[in-house]
Amino acid sequence: MLLIGFVALSAVLMVALSHLFSSTRPTAAKSLPYESGMTPLGTARERYDVKFYLVAVLFIVFDIEVVFMMPWAVAFRSLDLLGLGTLGALIEMAVFVLILVVGYVYVWKRGALEWN
Amino acid sequence: MLLLDLDRGWGLLRAMAPETLLTLWALALLLDAAWHHRDSGAQRRAGWLALAGLALSAAATVWLWASGAAPAGLSTTIALDRFRYAVDLIVLVAAALAVLLSVEYLDREQLRIPEYHALLLLATVGMMLLAGGEDLFVLFLGLELMSVSVYVLAGLDRRSPASAEAALKYFLLGAFASAFLLYGIALLYGATGSTKLQIIARQIGPLGLLTHPMLLAGLALLLIGFGFKIAAVPFHMWTPDVYDGAPTPVTGFMATAVKAAAFAALIRVLLEAFSDVHALWGPVIWWLAAVTMVVGNLVALAQRSVKRMLAYSSIAHAGYLLTALVADSMAGAAAFLFYLLFYTLMTMGAFAILALKGRGGERDVMVDDLAGLGEAHPWLALAMAVCMLSLLGFPGTAGFIGKWYVLVAATGAGYPGLAAILVVTSVISAGYYLPVVMAMYMKPQAHERAHAGVLVPRIAGATLAVMVAALLVFGVWPNRVLDAARAGSHAFIPRAMTAAVTPLPPAGAP
């Protein structure tokens, strides 16, 4: 309880104090959105080509695949699946990758990887 | 008697044979769609292939049922009980009907979607996992597999803004509901130390969790998540718009199979894991059922569009199914299975007839547009009338027997109030089902050629004829299906010990 109170109090204090005692002198250049030093061109709320979303979705799919493989690879030696030991773990990953490959072939043949 | 060790590959493979076969089939269809997505004949062929896959999966399910497969020890991944098989078969039938009713529809509406059948099969796999999952994670996986496929199916008609709106709305609210469900699972895991239903059931008593806040919050979040999927009031807001915007055969599939699978999962979770804390969730389901029946039926009264009216009718029917669930008994589970099967047939039938009458998404078919259909297309009007009367629960149709057993289960378990609400709201529902029948038979056609565009294609017509015949035949001789439903409900006997187990009266008693 004491700890939670301390954390809450210090958080509030930090925000409040810096808000109270800071000095702000905004200029036109300072209030610009940060674009790595460049002057921004136009508004940030632009319409993107739908192709970018497709690429993003495909990226997520194959990214998650690797995210899933990492812990599997780390824990591989201690896995005992399907009553077959590490062979079972290998089989399960093979099934997973095979299903993904089907998806990959599908995406490729349907032309989702072509930009135009 | 076939003992399957679910911790060994071979045992698990056999226990999951229906799902595995269907998954492989769906992947093959997906590859087929990748190569043949330009010619229109390929879509028809994919439809027949999908039917073959569904039949194969059904055969595997029947094999499991007939072999009396049982798990060696606790089944902690997938259930091997008749409830799973019964729901699997209902879901497979619903998917097969969706395929049969959409073959000609897709042609007519010029919908060239090569992935349609693969998505339909994948959604069915998700539903089967929902029906059989013994682990909250398996259930969640099934729910997502089903939902993601159905989001895409809802947005099938890419030329229609309404269809896109339906898909987006369904996706956003569905993702929201999934988050609730997942958070609920996390809290339940925190409270009981397991995500496996049977272990959760065994942990609640010994750990003294009956009133533990974490368990309560987890259960509440779980109920909210499922409430969205089954479209129970107050989680029903998405239903009318999504059902309205989606292509009609897909709407039929959503209103029946998706609801059936989510209901099956809810029943399994509540009766297997939380039967001991019936006092906690019983009142919640009671109120959900009552409010769903009242709101669904009352709002349906105000609808002029047939498609929206059917959407609200499906909400009302979720209330009837929840009533069967409140009973928390074998009789309730049996009534649920029986009702579910015929609800599937009558709702699918109503949407299919609507698809024959309407064009371009069927959103503009008003009740008055059906005027004089009885004269122009007597058989089609007869089919619609049977579906409407069955949805109403008219004696002589399967809908009546279904409602009767829900009532028996509810009163037997000591919920006369809920039974009374069911009867009263059923009477109210006559106020929107009967105008459809009256419009078809008692009003003249708006003009000479009002129904000139209505053609009944062969496959859809034959499918409809079989469905309507089933509604009538099983409305008079329900015994065999009732026996199967009762067998399916046996899955829950050992666990629902605390519940009031009341035997059903002899079949055909009404």
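Helix α4 (residues 82–108) of chain B packs against helix α14 (residues 330–357) of chain B at an angle of about 5°, and their axes lie 11 Å apart. Because of that angle, α4(B) is roughly parallel to α14(B) (under 35 degrees counts as roughly parallel, over 145 as roughly antiparallel, 65 to 115 as roughly perpendicular and the rest as oblique). Axes here are lines fitted to C-alpha atoms, for helices over the stretch in contact, with angles from 0 to 180 degrees between N-to-C directions. Helices are DSSP runs of H or I with at least four residues, strands are runs of E with at least two, and both are numbered from the N terminus.

Before going on, a word on the model. It is predicted: local features need pLDDT of at least 70, side-chain atom pairs count only at pLDDT 80 or more, and totals for chains, interfaces and linings use all residues. Residues are numbered from 1 along each chain as its sequence is written, while chains are lettered from A and ligands numbered from 1 in the order in which they are written.

**Helix α4 and its partners**

Which residues of α4(B) meet α14(B)? Among them are Phe83(B), Ala86(B), Ile90(B) and Val93(B), and the α14(B) side includes Ala333(B), Leu337(B) and Leu340(B). Two residues are in contact if their C-beta atoms, placed from the backbone, lie within 7 Å.

The axes of α4(B) and α11(B) come within 9 Å and cross at roughly 170°, so α4(B) is roughly antiparallel to α11(B). Residues of α4(B) including Val87(B), Val91(B) and Ala98(B) meet residues of α11(B) including Pro249(B), Phe253(B) and Ala257(B). By class, that contact has 14 nonpolar, three polar and no charged residues.

| Helix pair | Angle | Axes |
|---|---|---|
| α4(B) and α14(B) | about 5° | 11 Å apart |
| α4(B) and α11(B) | roughly 170° | within 9 Å |

**One residue in each chain**

Ala246(B) sits in the loop between α10 (238–245) and α11 (248–273) of chain B. Is Ala246(B) buried or exposed? It counts as buried because 30 C-beta neighbours lie inside 10 Å (20 or more other C-beta atoms within 10 Å, placed from the backbone, means buried, 12 or fewer exposed, and in between partly exposed). Beyond its neighbours within four places in sequence, Ala246(B) touches Ala154(B), Ser163(B), Ala166(B), Thr251(B) and Met254(B).

In chain A, Ser78(A) lies in the loop between α2 (50–74) and α3 (86–109). Ser78(A) is exposed, because 8 other C-beta atoms are within 10 Å.

Chain A has three helices and zero strands. Its radius of gyration is 26 Å, whereas a compact globule of 116 residues would have one near 13 Å (taken over C-alpha atoms, with a globule rule of 2.2 Å times the number of residues to the power 0.38). Buried residues make up 2% of chain A.

Ten residues from chain A and ten residues from chain B form the contact. On the chain A side, six are nonpolar, two polar and two charged.

**Confidence**

The predictor gives the complex an ipTM of 0.80 and a pTM of 0.88. Chain B has a mean pLDDT of 87, with 95% of its residues at 70 or more (pLDDT is the predictor's confidence in each residue, from 0 to 100). Over residues 494–510 of chain B, pLDDT stays under 50.

Notes. Ala, Val, Leu, Ile, Met, Phe, Trp, Tyr, Cys and Pro count as nonpolar, Asp, Glu, Lys and Arg as charged, and the others, Gly among them, as polar.
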